[in-house]
Amino acid sequence: MDSIPPVTKNLLIINVLVWVATFVLKGKGVYLDLYLGLHFWKGSDFGLWQFVTYMFMHDTSSLGSGFTHIFFNMFSLWMFGRILEPVMGRNRYLTYYAVCGLGAALVQELVWQFTWPAVAAGMFSYGGVAGVTTAQLQQAIATGAIPASMLNQCFNAFVTIGASGAVFGILLAFGMLFPNMPLYIIPFPFPIKAKWMVIGYGLVELAFGVTGEVTSVAHFAHLGGMLFGFLLLLYWRKTKHMGRGYEYMD
């Protein structure tokens, strides 16, 4: 741990402590996800603080899936963050991480805003009303046929947690600062340049998001973290504020 830069080290510690606390408190009937996970802004469970707190929450539905969720996020943060932090500097690195996480949350909220009618139609159809279309759902909402309380329950079902959005921003920064660094990625037995790894991850996330595959993952939030990270790096490059890492971006 002494070899890990301070910001990366503290992010790792906070994420792990919150994950353990979430597990412990869930056993006592306290569900931190309801308060700290990012909810859809239309739902009653939404709070502005969730734009920050959701980044430190991870899956606790089961020990196996929960450990996998936090492990891969923290492993990626450790692997790439300990290289980026000394290059970018502590304050700039922390700012970058926060901007990517906030950007991921904003994009996720935007996606929910455009997709909730179709998702809600599916929810209500599953509840026993077969063949409900989005147009019929909107008409039912307008006429009051669907109670506000039921609609609110639907809104509160939209929630996302995890550091993935910020971590994907870290991956993008690594690919931009060290584009030709060779990386070994399981299961490929040959090295892949960092820039191709980043592009590959982005395309996979876009494909999953558009096609609706792996619906339990916030693919557009991951892309949002990469997008905001990309824009911030371009801004720093243009204004010569990249610091010690600027020369790597040529």
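**View 1. M88, a buried residue of helix α4.** M88 counts as buried because its relative accessibility is 1%, under the 20% cut-off. The residue is found in helix α4. L177 lies 89 residues away along the chain, yet its C-alpha is separated from that of M88 by 9.8 Å. As in every view here, the model is predicted.

**View 2. Helix α4 from end to end.** The helix runs over 63-88 and has 26 residues. From first C-alpha to last, α4 reaches 35 Å, close to the expected 38 Å. A bend of about 40° falls at G81. G81 is also one of the buried residues of α4. Others on that list include I70, N73, M74, L77, F80, L84 and E85. Residues three or four places apart in an α-helix point the same way, because there are 3.6 residues a turn. After α4 comes G89, with a positive phi near 95°.

View 3. D59 sits in the loop between α3 (50-53) and α4. The residue is buried but has no salt bridge. K26 is the nearest side chain of opposite charge, 6.6 Å away. Beyond its neighbours within four places in sequence, D59 is in contact with W19, S65, G66, H69 and I161.

**View 4. Two buried cysteines, C100 and C154.** C100 counts as buried because its relative accessibility is 0%. C154 counts as buried too, because its value is 3%. A disulfide is a covalent bond between the sulfur atoms of two cysteines. The whole structure contains 0 disulfides.

Methods:
Residues are numbered from 1 along each chain as its sequence is written. This is a predicted model: local features need pLDDT of at least 70, side-chain atom pairs count only at pLDDT 80 or more; totals for chains, interfaces and linings use all residues. Side-chain values use heavy atoms; hydrogens and water are left out. Helices (H or I, at least four residues) and strands (E, at least two) are DSSP runs, numbered from the N terminus. Buried means under 20% relative accessible area, exposed over 50%, partly exposed in between (1.4 Å probe, protein chains only). Lys and Arg count as positive and Asp and Glu as negative; His and the chain ends are not counted. A salt bridge is a side-chain nitrogen of Lys or Arg within 4 Å of a carboxyl oxygen of Asp or Glu. Contact means heavy atoms within 4.5 Å. A disulfide is a pair of cysteine sulfur atoms within 2.5 Å. The expected span of a helix is 1.5 Å times one less than its number of residues. The bend at a residue is the angle between axes fitted to the seven residues ending there and the seven starting there.
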